[in-house]
Amino acid sequence: MLTVERVIEYYFAVVIIVGGLSVPLGIKHTLRTWRALPEVGWMGRSFGMGLLALVLASFLELPVLLLESWLALAFIAGLVEETIKLLPLGFFRDSPGWEKWKLVIGTGLFLGLMEGILYIAGIIVLGEDVYLIGVRAVLIGLHTVWAAISIGFLLGGSGWEKFYGLAFSMVAHTLYDLPPLAVVQGLSAGAVAILGAVSTAFMLATPLMAKRAAGLALKLAPEEESEEETEEPTLEFTF
């Protein structure tokens, strides 16, 4: 009989394999657009936004964590963390769209990186299985790609399409967290397996969404002003 422990081990293996393929593809699509847009000093501001996002997310998720409502924690984490990556839209509202696009992606990168470092340190200190480091490493990349998907649709889309990326990122993030938290909650092996399968489907769809989001973000490129040299008219006199 398949146990819950065995199911979650399979899920983590799938995360490392599927996520290890999906994340580089998503980053590849994002980098193509990144290089096509103007350069900007993003690292310092994105680091500050990422740190602030991590502090705010931890504060907002703490009540649910203390209540030990693990399934609710997965939903709150997906909702809060994917929304809070959009902080640069408020702090740098006067910046051009392409600049805000880069700052949001940078915020996702640094949020994921700082969170990942904390979790990896805990894995090492507590002597947990080494493969969990790989799981956390995949999540760092997913944080970045999810941010790119959210902001690409939000700034490049139109109508309801603007919110498709953010909705996808929230659901994908929630589903990523649900299987392990479902184990802690005491759900059956079958339920955990179903959640893991749906989460995997969203990971497989992530590169496709990243490609679409990167295409939409190209609309943010500033229009090149072609300055045509105008010659001053010269007066010609004929005698």
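Guide: Start with burial: a residue is buried under 20% relative accessible area, exposed over 50%, and partly exposed in between (1.4 Å probe, protein chains only). Histidine 29 has 14% relative accessibility, so histidine 29 counts as buried. This is a predicted model, in which local features need pLDDT of at least 70 and side-chain atom pairs count only at pLDDT 80 or more, while totals for chains, interfaces and linings use all residues. Residues are numbered from 1 along each chain as its sequence is written, and side-chain values use heavy atoms, with hydrogens and water left out.

Visitor: Where is histidine 29 found, and with which residues is it in contact?

Guide: Contact means heavy atoms within 4.5 Å. Helices are DSSP runs of H or I with at least four residues, numbered from the N terminus. Histidine 29 sits in helix α1. Beyond its neighbours within four places in sequence, histidine 29 is in contact with Pro207, Ala210, Lys211 and Ala214.

Visitor: Is isoleucine 17 buried or exposed?

Guide: Isoleucine 17 is also placed in helix α1. Its relative accessibility is 55%, so isoleucine 17 counts as exposed.

Visitor: Which residues form a nonpolar patch on the surface?

Guide: Patches take residues with over 30% relative accessible area and no salt bridge; like charges are joined within 9 Å, and nonpolar side chains (Val, Leu, Ile, Met, Phe, Trp, Tyr) within 5 Å. Accessible areas come from the Shrake-Rupley method with a 1.4 Å probe, and for residues only the protein chains shown count as cover. Here Ile16, Ile17, Leu21 and Tyr131 make up the patch, with about 370 Å² of accessible area together. Helix α1 (residues 4–36) supplies the largest share, three residues.

Visitor: How many salt bridges does the structure hold?

Guide: Side chains of opposite charge can pair when their charged atoms come close. The criterion is a side-chain nitrogen of Lys or Arg within 4 Å of a carboxyl oxygen of Asp or Glu. The structure holds five salt bridges. One of them joins arginine 6 to glutamate 9, with the closest N and O atoms 3.1 Å apart. The two are three residues apart in helix α1, so about one helical turn separates them. Arginine 6 counts as partly exposed at 41% relative accessibility, and glutamate 9 does too at 34%.

Visitor: Which pair links distant parts of the chain?

Guide: Take arginine 136 and glutamate 115, whose closest N and O atoms are 3.2 Å apart in a salt bridge. Arginine 136 is in helix α6 (residues 131–156) and glutamate 115 in helix α5 (residues 97–126), 21 residues apart. Both arginine 136 and glutamate 115 are buried.

Now arginine 212 and glutamate 161: their closest N and O atoms are 2.7 Å apart in a salt bridge. Arginine 212 lies in helix α8 (residues 189–217) and glutamate 161 in the loop between α6 and α7, so the pair ties together parts 51 residues apart in sequence. Arginine 212 is partly exposed at 42% relative accessible area, whereas glutamate 161 counts as buried at 16%.

Visitor: Where does α7 bend?

Guide: The bend at a residue is the angle between axes fitted to the seven residues ending there and the seven starting there. Helix α7 bends by about 40 degrees at leucine 178, and proline 179 follows within four residues. Just after α7, glycine 186 takes a positive phi of about 100 degrees.
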